[in-house]
Amino acid sequence: MSNQAKKDQTQELIKETAKNLFFVKGKFDATTQEIADAAGVNRTLINYYFRSRDKLLQIIFDEAQIVEQEKSKIIQNSDLPFKEKISQFIESSLATSLQYPYLETYIVSQINKGTCHQREIEEDILEKMYSDIEKEMELGNIEKMAPVQFILNMVSLLVFPSAVRPLFMENLMISDEEYDKIISARKEIIINMLFKN
């Protein structure tokens with residue numbers, strides 16, 4: 001293996017370890033030393049590759065936003081019928097929640113700290129989505145409401161269980177495995193709550 005390949009591999013290992021600590025284990029306050037220990041590398045390598053813990057966190061946050069943007073593209077770029085687009089978006093969102101249980105919580109915490117959050121959807125695409133929602137309401141497939149309420153309902157049903165995962169797990173005495181099963185079962189529940197038929 002070349003020196004460059006080894007450097008790239010180490011850099012990727014550090015990033016993946018940090019993602020695992022933040023998004024899978026929910027350890028948002030993990031120190032540089034904790035990241036290094038979990039990755040099995042010397043702490044100075046984190047500063048060498050990323051200059052600082054904050055720079056590493058920014059890179060991870062930017063990558064988390066890309067994951068979120070990819071989910072939005074399911075709705076933006078698909079010619080499928082509306083309900084099928086929403087179904088695929090829900091499925092993708094739930095899969096991400098299972099892979100990275102604390103991703104939504106992390107993103108919200110960073111936004112609350114004032115970290116830049118890029119808009120995931122352009123105005124014309126949003127207007128098209130509102131129009132599609134209104135058409136579905138006229139067809140009787142969705143309860144009549146302001147289109148933004150439909151989006152808020154959908155996102156709330158998807159994000160809230162992940163964003164408050166630790167609280168629910170503790171108060172409802174649910175293990176990680178049980179909570180993952182609950183998240184896995186949500187697709188049909190959400191679809192049935194959003195659509196009349």
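These legends describe an overview and several close-up views of one predicted model.

**Model and numbering.** In this predicted model, local features need pLDDT of at least 70, side-chain atom pairs count only at pLDDT 80 or more, and totals for chains, interfaces and linings use all residues. Residue numbers run from 1 along each chain as its sequence is written, and side-chain values use heavy atoms, with hydrogens and water left out.

Figure 1. Helices (H or I, at least four residues) and strands (E, at least two) are DSSP runs, numbered from the N terminus. The C-alpha trace spans about 60 × 40 × 35 Å along its principal axes. Of the 197 residues, 40% are buried. Buried means under 20% relative accessible area, exposed over 50%, and partly exposed in between (1.4 Å probe, protein chains only). A contact means heavy atoms within 4.5 Å. Among contacts between residues at least 6 apart in sequence, 65% join residues at least 24 apart.

**Figure 2. The largest nonpolar core holds 25 residues.** A nonpolar core is a set of buried Ala, Val, Leu, Ile, Met, Phe, Trp, Tyr and Cys residues joined through side-chain atoms within 4.5 Å. I86, I90, I133, F150, M154, L194 and F195 touch the most other members. Helices α4 (53-76), α5 (82-99), α7 (123-138), α8 (147-163), α10 (176-184) and α11 (186-194) each supply at least two residues of this core. Another core, of 22 residues, lies apart from it; I35, Y49, L56 and L57 are among them.

**Figure 3. Close-up of F150 and its contacts.** Residues up to four places away in sequence are not counted here. F150 touches F82, I86, I133, I142, M145, L194 and F195.

Figure 4. E136 lies in helix α7. A salt bridge is a side-chain nitrogen of Lys or Arg within 4 Å of a carboxyl oxygen of Asp or Glu. E136 touches F82, N141 and I142, leaving aside residues up to four places away in sequence.

**Figure 5. K15 and E63 meet in a salt bridge.** The N to O distance is 2.7 Å. This pair links distant parts of the chain: K15 sits in helix α1 (residues 3-24) and E63 in helix α4, 48 residues apart. K15 is buried, with a relative accessible area of 12%. K15 and E63 also belong to a network of salt bridges with E12, E16 and K19. A search of the whole structure finds 11 salt bridges.

**Figure 6. D180 and R165 meet in a salt bridge.** The N to O distance is 2.9 Å. D180 lies in helix α10 and R165 in helix α9 (residues 165-171), so the pair ties together parts that are 15 residues apart in sequence. D180 counts as partly exposed, at 25% relative accessibility. R165 counts as buried, at 3%.

**Figure 7. K144 and E138 meet in a salt bridge.** Their side chains come to 3.3 Å, N to O. Both K144 and E138 are exposed.
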